[in-house]
Amino acid sequence: MNYKFEFRPYQRKFKRPLQTSHGTWEIREGIILRLTTDNGKIGFGEIAPIGWFGSETFLEALNYCRNLPDVISDRTIFSIPPNLPACQFGLESAWESATLKTQFKSAFSEDKTPASKSNHSGLLPGGEGALLGRQILWMQGYRTFKWKIGVLPFQREVRILQELVLALQQGTGDRPGSLRIDANGGLSLAEAEAWLQICDELGGIIEYLEQPLPVTELEAMVELGMRFSTAIALDESVATLSQMQSVYRQGWRGIYVIKPCIAGSPSELRQFCNLNKIDAVFSSVFETDIGRKTALKLAGEIHPKSHRAFGFGVDHLLESEKGLELLW
């Protein structure tokens with residue numbers, strides 16, 4: 001089948017620049033795709049790359065779209081090279097959307113289900129802002145939280161962590177919260193050991209320490225996982241499907257933090273996760289509602305009864321999406 005292919009770049013500002021061990025991120029750039037079938041059915045997709053995280057860059061994705069013809073075929077969609085994983089996800093998602101007869105207005109509609117926040121992990125501000133941020137997100141319904149470390153000196157972050165854990169242990173009427181700690185691969189081995197020791201001492205409030213060491217240190221992270229009771233999750237090490245396959249072959253059987261929008265082909269990701277019974281946490285790359293809905297649908301298909309909260313509680317960090325529907 002052939003499809004009319006259209007694309008529109010977009011920019012969304014973070015309300016405050018996002019601080020991670022990779023640096024400061026001020027603007028999320030991406031591309032909205034639209035496929036129209038010969039009989040008028042419309043499908044939307046999104047390309048939301050993060051070049052420094054392991055996908056293609058925004059410019060590489062934009063150049064790829066610019067070089068596509070106005071009319072593309074199924075063959076085009078399913079022959080995108082693996083070095084363009086965000087493009088693979090975006091085009092195949094748009095194809096699935098067109099096949100499932102998704103209409104224009106539903107593609108841009110808002111999620112009106114507030115109760116869903118209890119099944120999502122809310123991303124806290126870095127540093128001391130996490131303390132107030134936790135209170136605000138708790139009131140909004142979040143019970144799982146994610147906090148990025150490596151932003152402030154070690155001892156200051158330890159003190160903040162202790163306060164966060166105390167607040168989460170107390171809860172407010174229903175159940176204690178839980179915390180995910182994300183190092184973004186920015187720790188040394190000694191620092192990772194220190195953080196894991198502290199997490200072990202703080203008990204079960206800490207769900208896991210995410211990507212403590214750089215991508216090149218898989219063996220060391222496997223060894224850390226055997227020495228400490230706090231679980232370790234891989235993130236940057238499994239950014240794309242090819243990376244997931246590689247670390248699985250090397251013996252990683254722990255938690256995979258999967259960001260569907262940069263992982264690659266949705267159909268191949270389904271096959272890999274289902275075949276190998278992956279313990280997955282599905283997470284956002286600060287995509288728009290179009291990419292988020294597709295990613296959550298995919299997560300629900302792969303792990304319909306997962307006990308792990310989805311990592312999509314990030315929309316409060318970005319400017320409004322209003323205006324995207326005016327791209328066409």
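## Strand pairing and charged contacts in a predicted model

Strand 2 pairs with strand 3 (residues 42–47) in the antiparallel sense over 6 bridges. The model is a predicted one, in which local features need pLDDT of at least 70 and side-chain atom pairs count only at pLDDT 80 or more, while totals for chains, interfaces and linings use all residues. Residues are numbered from 1 along each chain as its sequence is written, and side-chain values use heavy atoms, with hydrogens and water left out. Strands (E, at least two residues) and helices (H or I, at least four) are DSSP runs numbered from the N terminus; two strands pair if DSSP finds at least two bridges between them.

**The antiparallel strands.** Isoleucine 32 has glutamate 46 in strand 3 as its bridge partner. Strands 2 and 3 form a hairpin with 4 residues between them, and glycine 40 in the turn has a positive phi of about 90 degrees. Strand 2 (residues 23–37) is also joined to strand 1 (residues 2–20) by 14 bridges, and these two strands run antiparallel. Lysine 4 stands opposite threonine 36 in strand 2.

**Arginine 28.** This residue lies in strand 2. Arginine 28 is buried but has no salt bridge, and the nearest side chain of opposite charge, glutamate 46, is 5.8 Å away. Buried denotes under 20% relative accessible area, exposed over 50%, and partly exposed in between (1.4 Å probe, protein chains only). For charge, Lys and Arg count as positive and Asp and Glu as negative, whereas His and the chain ends are not counted. The side chain of arginine 28 reaches the backbone oxygen of alanine 48 at 3.2 Å and that of proline 49 at 2.7 Å. Leaving aside neighbours within four places in sequence, arginine 28 is in contact (heavy atoms within 4.5 Å) with residues including Tyr10, Phe14, Val285, Phe286 and Leu318.

An open sheet of 8 strands has the order 11-10-9-8-7-6-5-12, with parallel pairing. Its edge strands, strand 11 (279–282) and strand 12 (310–313), each pair on one side only. Within the sheet, strand 8 (residues 206–210) is joined to strand 9 (residues 231–234) by 3 bridges, and leucine 209 has isoleucine 232 in strand 9 as its bridge partner. Helix 5 (residues 129–139) packs on the sheet, touching strand 5 (120–123) and strand 6 (144–148), and its direction makes about 160 degrees with that of strand 6. Axes are lines fitted to C-alpha atoms, for helices over the stretch in contact, and angles run from 0 to 180 degrees between N-to-C directions. Helix 12 (residues 289–302) lies across strands 5, 11 and 12, running at about 160 degrees to strand 12.

**Salt bridges.** A salt bridge is a side-chain nitrogen of Lys or Arg within 4 Å of a carboxyl oxygen of Asp or Glu. By this rule the count comes to 20. Three of them are tabulated.

| Glutamate 207 | Arginine 308 | 2.8 Å |

Glutamate 207 lies in strand 8 and arginine 308 in the loop between helix 12 and strand 12, so their pair ties together parts 101 residues apart in sequence. Arginine 308 is buried, with a relative accessible area of 15%. Aspartate 315 is partly exposed at 36% relative accessible area, whereas arginine 292 is buried at 14%. A network of salt bridges links Arg12, Asp289, Arg292, Lys293, Asp315 and Glu321.

Technical notes. A polar contact is a pair of N or O atoms within 3.5 Å; within protein, one must be able to donate a hydrogen and the other to accept it, and residues adjacent in sequence count only if both atoms are side-chain atoms.
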